[in-house]
Amino acid sequence: MAPTTPKVELVYDPDCPNVDRARERLRRAIREGGEALTWTEWRSDDPALPDYARDQGSPTILIDERDMATDHSQGSSCRLYDQGDGTLDPAPPVATIIAALHEADN
């Protein structure tokens, strides 16, 4: 069975200062992971925001409509991500995004 192309979405609060960092890491992950992908961006206050994307911390990267990070955070607050070394950062690590994209391909 051929791999499918994952659906990638970035959900963010327009007032969250961490969106640019998450967007840049998503770009890097796609480039470094060898994926030929694009993504959809959703403002958390967009009336057209799908139900599965509501009540997410900002920024959140969804892959196939699921939060790609294991440290899931709900609500409208800015979100922090475990970097795998005991530190927190306002965007997920590039390696974590790459791994989630590859997992979604299978």
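A salt bridge here is a side-chain nitrogen of Lys or Arg within 4 Å of a carboxyl oxygen of Asp or Glu. Helices are DSSP runs of H or I with at least four residues, strands are E runs of at least two, and both are numbered from the N terminus. Arg-27 is partly exposed at 38% relative accessibility, and Glu-24 is partly exposed at 33%. For these labels, buried means under 20% relative accessible area, exposed means over 50%, and partly exposed is in between (1.4 Å probe, protein chains only).

Arg-28 and Glu-32 make another salt bridge, and here the closest N and O atoms are 3.4 Å apart. This pair is four residues apart in helix α1, again with about one helical turn between them. Arg-28 is partly exposed at 32%, as is Glu-32 at 49%.

## Where the numbers come from

This is a predicted model, where local features need pLDDT of at least 70 and side-chain atom pairs count only at pLDDT 80 or more, while totals for chains, interfaces and linings use all residues. Residues are numbered from 1 along each chain as its sequence is written, and side-chain values use heavy atoms, with hydrogens and water left out.

## Arg-23 and its partners

Now for Arg-23, which lies in helix α1, residues 19-32. With a relative accessible area of 15%, Arg-23 is buried. Setting aside neighbours within four places in sequence, Arg-23 touches Leu-10, Tyr-12, Trp-39 and Glu-41; contact means heavy atoms within 4.5 Å.

Glu-41 also forms a salt bridge with Arg-23, and the closest N and O atoms are 2.8 Å apart. Glu-41 lies in strand β2 (residues 40-43) and Arg-23 in helix α1, so this pair ties together parts that are 18 residues apart in sequence. Glu-41 itself is partly exposed, at 31%.

## The overall tally

Counting by the same rule gives 10 salt bridges. As for disulfides, meaning pairs of cysteine sulfur atoms within 2.5 Å, the count is zero.
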